[in-house]
Amino acid sequence: MLIKEIIQHLEEFAPLNYAEDFDNVGLLVGNAEIKATGALITLDTLESVVDEAIAKNCNLIISFHPIIFSGLKKLNGKNYVERTVIKAIQHNIAIYAIHTALDNQHKGVNDMIAEKLNLINRKILIPRKKSIRKLTTFVPNKDAEALRIALFEAGAGSIGNYDNCSFNLRGLGSFKPNDEAHPTIGEKGKLHFEEETQIGVTFPVHLESKVLQTLFKKHPYEEVAHEITTLENTHQHLGMGMIGELEQEISEEDFLKSVKETFNAGVVRHSELLGKTIKKVAVLGGSGSFAIENAKRAGADIYITADLKYHDFYKAEKQIILADIGHYESEQFTKNLLCSFLSKKIRNFALILADTNTNPIKYI
């Protein structure tokens, strides 16, 4: 198996189109065209992780966080980033980072947190905008059904829990082929009218290339009239964070103790307790201060995240409990998620969870 084949599985699960603009995801180091000897799956890529990959004969490291985040201007080994990259190159080890592409995946980082907390009725906390596009095209009536089916098979026409969704409108199309045309219907130099069906289907943005390839391949016309528009609609299965409910209400103190134990957190920093029970829970792995207001608007009793600053806790304003369980702690199960997914896709291949604990924060 080539490294690029493993990457294809990862990007079908978490397309890079859905990573945040500030992020640096994908293959950061190495050649995707070489054979993979094994894949080491980790939260962070450090020198010690590269050493582990060498010891376990893995020439691919699949990392949640990108070791290269901003541009590298030099490779002198003067900091941990440069040393890690140099060692990986020296030992011909590829490094792939998935980060916010997986954060925005419905079954990604935050769903894993929600699963650990046994939350039900889960929904995306901040659904992603401008992730849905619409294709409108015009086809002879006799070819409409075949084209619709082909577009559905390419992934178009899925809306939430429904698929094969389209809107169809019959009308009269006109065109006049010029002398250089090769019309499948009509004659050069003559105005032609054709009974046509207007087909409208939506699709997620990462499928645009596949949908258009299918359109041009299956459409009978030499020149395919079509329009692509980006919708303002939010995508209910893409976005940051997640909100769900506990099956049974629980006291604030008991829930916080349970969270601390579940995530093996050295400490849980939280805002003032409100003397209420916990039922509705919002979560966001990693740095989540930007979503405090979203959690409040969603009616969450508590918001579990990481990297909250001193003044962030004031934003609770006696409306919600804010709980910081630690960056590493909130994302620690991500590597298990990736390993589980790839294990179902790839048989008889070495997929190894890294033993190296990459948490830079220690507790007394």
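**Helix packing and nonpolar cores in a predicted model**

Author: The chain has 11 helices and 15 strands, where helices (H or I, at least four residues) and strands (E, at least two) are DSSP runs numbered from the N terminus. This is a predicted model, in which local features need pLDDT of at least 70 and side-chain atom pairs count only at pLDDT 80 or more, while totals for chains, interfaces and linings use all residues. Residues are numbered from 1 along each chain as its sequence is written, and side-chain values use heavy atoms, leaving out hydrogens and water.

Reader: Why are helix 2 and helix 3 called roughly parallel?

Author: The axes of helix 2 (residues 47–55) and helix 3 (residues 80–90) cross at roughly 15° and come within 8 Å. Angles under 35 degrees count as roughly parallel, and the two helices are therefore roughly parallel to each other.

Reader: What makes up the contact of helix 2 with helix 3?

Author: Glu 47, Val 50, Asp 51 and Ile 54 of helix 2 meet Arg 83, Thr 84, Lys 87 and Ala 88 of helix 3, contact meaning heavy atoms within 4.5 Å.

Reader: Which residues have the most contacts inside the largest nonpolar core?

Author: They are Leu 117, Val 281 and Ile 304, in a core of 54 residues. A nonpolar core is a set of buried Ala, Val, Leu, Ile, Met, Phe, Trp, Tyr and Cys residues joined through side-chain atoms within 4.5 Å. Another core, of 17 residues, lies apart from it and includes Leu 28 and Ile 93.

Reader: How many of the residues of the chain count as buried?

Author: Of 364 residues, 50% count as buried, that is, under 20% relative accessible area (1.4 Å probe, protein chains only).

Conventions:
Axes fitted to C-alpha atoms, helices over the stretch in contact; angles between N-to-C directions. Parallel < 35°, antiparallel > 145°, perpendicular 65-115°, else oblique.
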